[in-house]
Amino acid sequence: MNDRNRHSDRNRPRQGGPGPEGFSDGRLVEVHSHIARDKQEPAQGFSMTPIFVVFLFCAFGFWAGLYLTRNSRGFSASAFDLDAPVASASVGPAVFEPDAAKGEKLYLANCAACHQPTGMGLPGAFPPLANSPWVAGDEKRIIKIILVGMAGEVEIAGAKYNGNMPNVGAALKDAQIAHIATYVRSAWGNAAEPVMDVSVAEVRKALGSRGQYSPKEILEAHPLGK
Amino acid sequence: MSRIDAPLRVPFTLLFGSAALWLTLASVFSLLAKVQLLPSGLGACEWFAHGRLEAAARNAFVYGWAGNALFALNLWLLSQLGRFEIRNGWMAAIGGLFWNLALTWCTVSVIVHGPGAYALLDFPAGAGPVLAVSFALAGLWPVVAYAKRPTGHNFAAQWFVVGASVAFLLAFVLAQVTVVWAPASGVVQAVAHSWYVRSVELLWLGGSALGFGYYFVSKVLARPLHAYYLASVAFWTYFLFAGWTAPAALIGSPVPLWVQSAGVVGCVMMLVPVLLIGLNLLGALSKEGGWSRAWNSTSLRFISLGLTSILASIVLAAWSSDRAVNAALRFTSFSEGQGVLLLYAGVTMCVFGASYAALPRVSGGRWPSAAAIHTHFWASLLGAVGTVVSAFAQVGGRSPDWAFVAAGSSALLLLGHLAFASNAFATLIGGGESPQSHPAHD
């Protein structure tokens with residue numbers, strides 16, 4: 001403790017608290033009341049501080065909003081950990097189930113114009129799918145036909161065709177093609193295994209940007225009866 | 001003795017006297033708890049387990065010392081500022097009496113049966129209502145004094161003290177209901193508890209201490225505060241955001257993410273009132289040799305130190321709420337150090353400062369021993385620094401060397417508090433025997 005303090009008596013506060021130079025309580029309250037009131041009228045001259053405070057407030061508020069929305073996982077009551085992987089309920093079930101009912105709807109929308117809702121086709125123009133050996137057996141055959149289409153001379157169920165089937169499947173998703181193939185392979189007396197979306201994905205990848213098949217090429221890769 | 005001070009004398013003496021006793025008791029508990037952490041320890045007696053001593057010290061310190069001291073000082077301060085003459089002082093005295101009885105029961109129960117799961121709420125369920133009613137009797141006088149002030153004038157110190165008193169009662173009742181009486185689900189309990197603790201620390205204790213700051217800085221320096229027109233913004237933002245800092249204590253625990261994030265936002269938003277309060281108070285202190293005048297006034301020396309610590313601890317809380325920093329500091333002694341910075345180096349220093357001015361006025365006497373004041377100042381300053389530094393130094397892991405520093409600091413604090421308490425008793429009791437006339441300053 002330095003000497004300046006020692007002789008001054010302020011180390012030993014007496015009655016009346018801070019001593020004669022201090023503000024009296026009444027004066028203290030009055031002075032501050034006036035400051036608070038006067039400042040509300042802008043006539044008192046221009047100070048940068050209030051504007052600075054407003055800006056500061058805006059900046060903090062903006063940050064707070066941003067931080068809250070980014071770090072609250074949609075304000076969900078069941079999100080506890082920022083580092084946990086996001087559960088993806090909207091993308092659908094993780095396990096694919098081939099569904100003939102969905103397949104039927106998709107068939108009616110995408111194939112029935114040519115092959116007919118009955119699957120019997122139109123004699124001379126569109127070959128039948130009912131009891132067709134092309135539909136049964138190796139699933140890759142029908143997947144390939146749907147994906148890139150087929151054109152050329154061919155004999156199906158004893159009748160000759162020379163038509164042109166476009167790449168209908170190019171615009172469909174793997175799962176949709178799997179549903180259609182599953183439906184076609186189980187309808188109208190057909191009885192072949194269902195088709196999974198991963199098989200479609202595999203074939204699509206292998207084909208790349210290939211053009212239409214000729215019936216000969218298909219039969220070389222996937223002979224009938226298998 | 002003035003018309004305002006005279007009727008305060010009985011309740012003030014009772015409340016502040018109990019405060020000084022609790023402070024001494026809390027220091028003893030805390031010293032024993034620190035000694036238990038030394039390699040030699042105190043042995044395995046159940047009553048002296050570190051956890052029990054620490055919980056008892058915390059309760060005695062917060063409710064016993066700070067609580068009683070704030071009853072007395074808040075009543076005194078707002079009576080001065082509002083020209084309020086208390087008529088039913090006996091109500092405050094009765095409230096204080098029951099508050100202290102309930103608290104004694106709580107302390108015995110913590111030592112004998114062990115502390116509960118929730119710090120600061122770990123007393124027998126029956127004690128809660130007694131404490132609440134006692135608080136209403138002893139702690140709400142600032143509201144009355146403010147409401148009855150004769151002129152329309154008002155001052156920031158009044159807002160802070162009134163806000164602090166109301167905030168505590170509200171937080172206490174709500175916490176009692178959700179945690180003790182009708183326990184809500186586990187998550188809600190944890191959130192309610194953290195919110196209660198922060199309300200006690202920042203609103204009741206911190207708010208009152210800031211009120212003292214607004215009063216004494218202006219009064220002792222005899223100048224208006226810097227940029228005072230911002231004080232109302234400071235007050236509202238402080239009281240608005242303080243409660244929201246609570247969930248930051250729960251970062252990383254299984255409470256919903258948005259609650260945790262709200263805690264982080266609350267901690268950072270507290271920088272706004274800190275900046276404004278700093279502008280008001282530290283701004284006034286920094287003008288025209290304010291700091292050296294503060295050093296020369298016993299009251300303001302304690303208070304300027306306390307204010308700086310409070311503001312620093314809130315800045316630290318904002319920094320440590322950052323998720324990465326928090327992950328590193330979460331289960332370390334960092335929060336302990338920060339708590340001491342806020343509650344001891346901050347709030348308690350402000351309370352000491354205020355009592356050096358208030359006691360002589362109420363009792364009409366004077367502080368008998370200058371040596372005791374010096375001892376008190378240096379022992380509590382060094383003790384506080386030692387405690388905070390040893391807590392921060394052990395963030396990486398407990399070490400026996402720092403445990404010695406912590407125990408030594410606790411011993412220093414006890415020494416300082418003994419000096420303060422004996423000096424305060426002499427002032428409170430001795431004052432009446434040699435009444436001196438003194439000029440009314442108001």
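Reader: How far apart in chain B are Glu201(B) and Arg198(B), in helical turns?
Author: In this predicted model, they are separated by about one helical turn, because they lie 3 residues apart in helix H7 (residues 186–221) of chain B. They form a salt bridge, with the closest N and O atoms 2.8 Å apart.

Reader: Buried or exposed, that pair?
Author: Glu201(B) is buried, and Arg198(B) is buried too.

Reader: How many salt bridges does the structure hold over all chains?
Author: The count is 3. Another one joins Glu288(B) to Arg223(B), where the closest N and O atoms are 3.9 Å apart.

Reader: Where do Glu288(B) and Arg223(B) sit?
Author: Glu288(B) is in the loop between helix H10 (271–286) and helix H11 (290–296) of chain B, and Arg223(B) is in the loop between H7 and helix H8 (231–242). The two are 65 residues apart, so the pair links distant parts of the chain. Glu288(B) is exposed, at 66% relative accessible area, while Arg223(B) is buried, at 10%.

Reader: And Arg204(A), what does it pair with?
Author: Arg204(A) forms a salt bridge with Asp174(A), the closest N and O atoms being 2.8 Å apart. Arg204(A) is in helix H8 (residues 197–207) of chain A and Asp174(A) in helix H7 of that chain, 30 residues apart. Arg204(A) counts as partly exposed at 26% relative accessibility, as does Asp174(A) at 23%.

Reader: Switching topic. Where is confidence lowest and highest in chain A?
Author: Confidence is lowest in helix H1 (residues 3–7), at a mean of 36, and highest in helix H7 (residues 174–184), at 90. Over residues 1–20 of chain A the pLDDT is below 50, though this stretch has 50 contacts in the model beyond near neighbours in sequence.

Technical notes
Residues numbered from 1 in each chain as written. Chains lettered and ligands numbered in written order. Predicted model: local features only at pLDDT ≥ 70, side-chain atom pairs only at ≥ 80, totals over all residues. Heavy atoms only, no water. pLDDT = per-residue confidence, 0-100. Helix = DSSP H or I, 4+ residues; strand = E, 2+ residues; numbered from the N terminus. Contact = heavy atoms within 4.5 Å. Salt bridge = Lys/Arg side-chain N within 4 Å of Asp/Glu carboxyl O. Buried < 20%, exposed > 50% of the residue type's maximum accessible area, 1.4 Å probe, protein only.
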